Amino acid sequence: MRKPQKPRLILSSLGVMMLAIIAVSGVTFAALQSQQNVLTGNTVETATANLGLSTDGINYGDSRVGFDFNNLMPGGAAMPIAGHGFYLKNAGGTALALKLMVSSTPSNPNGIDLSKVNILLTTVGSGNPAQSFSLQSLATAASSGGLPITGSIASGTTGQYKLQIQMAADAVTGQGAQLGGIDFAFGGVAQSN
């Protein structure tokens with residue numbers, strides 16, 4: 001005698017009902033999704049880095065005529081005693097870390113040892129001592145973007161600086177010597193906030 005096949009029938013019925021429930025849920029789920037909302041026309045812009053240079057604190061530009069560092073005594077004090085003053089203005093939209101380099105090849109007819117000629121840079125009013133850079137290191141640093149200057153300059157502000165030059169006693173021999181065509185270049189690198 002054969003047994004009735006109710007368990008198989010029940011399982012088949014359950015499978016059909018489960019498929020129906022899944023199908024109805026899927027349709028219901030799809031029916032409950034919202035439309036897409038779109039933010040159109042977005043743009044991405046960087047902050048601006050814009051450094052201006054001035055020797056009078058009024059007129060700023062990318063370039064200004066430099067200074068004559070005269071009456072320098074090898075082994076003596078940095079000249080001029082009061083320093084030559086200039087200003088850097090951050091007209092960009094972000095704080096800038098400053099760098100200094102010599103962007104030219106100085107004329108050096110008397111063979112002055114450029115590693116023994118020091119440029120002293122003072123940030124006026126900072127309380128920091130003058131930074132000293134050899135002329136040779138500043139010339140070499142031109143290929144890598146310059147040497148860092150202590151401190152930074154905030155967006156929309158102006159910094160006042162002074163330059164002096166000092167030469168070691170053994171930097172040159174003879175009755176006198178001259179360097180010419182020295183271009184001090186200042187750059188600014190954006191700092192993240």
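Two strands count as paired if DSSP finds at least two bridges between them, and strands themselves are DSSP runs (E, at least two residues) numbered from the N terminus. With that in hand, we can look at this predicted model, where local features need pLDDT of at least 70, side-chain atom pairs count only at pLDDT 80 or more, and totals for chains, interfaces and linings use all residues. Residues are numbered from 1 along each chain as its sequence is written.

Let's start with a sheet. Strand E3 (residues 96-102) and E6 run antiparallel and are joined by four bridges. In one of these strands, E6, Leu147 is the bridge partner of Leu100. The open sheet has three strands in the order E6-E3-E8, with antiparallel pairing. Its edge strands, E6 (147-153) and E8 (184-190), each pair on one side only.

On a 1 Å grid over the protein atoms alone, a cavity is a set of points where a 1.4 Å probe fits but cannot get out, while a pocket is an open set with protein on both sides within 12 Å along at least five of seven lines; lining residues have an atom within 4 Å of a point. A volume is the space filled by probe spheres set on the points, which are joined across faces, edges and corners.

| Space | Volume |
|---|---|
| Largest cavity | about 40 Å³ |
| Largest pocket | about 970 Å³ |

Leu121, Thr123, Asn128, Pro129, Gln131 and Thr150 line the largest cavity. The largest pocket has 41 lining residues, and Phe67, Phe69, Ile165, Ile182 and Phe184 lie nearest its centre. Strands E1 (51-54), E2 (79-90), E7 (158-167) and E8 each give two or more residues to that pocket's lining.

Methods
Heavy atoms only, no water.
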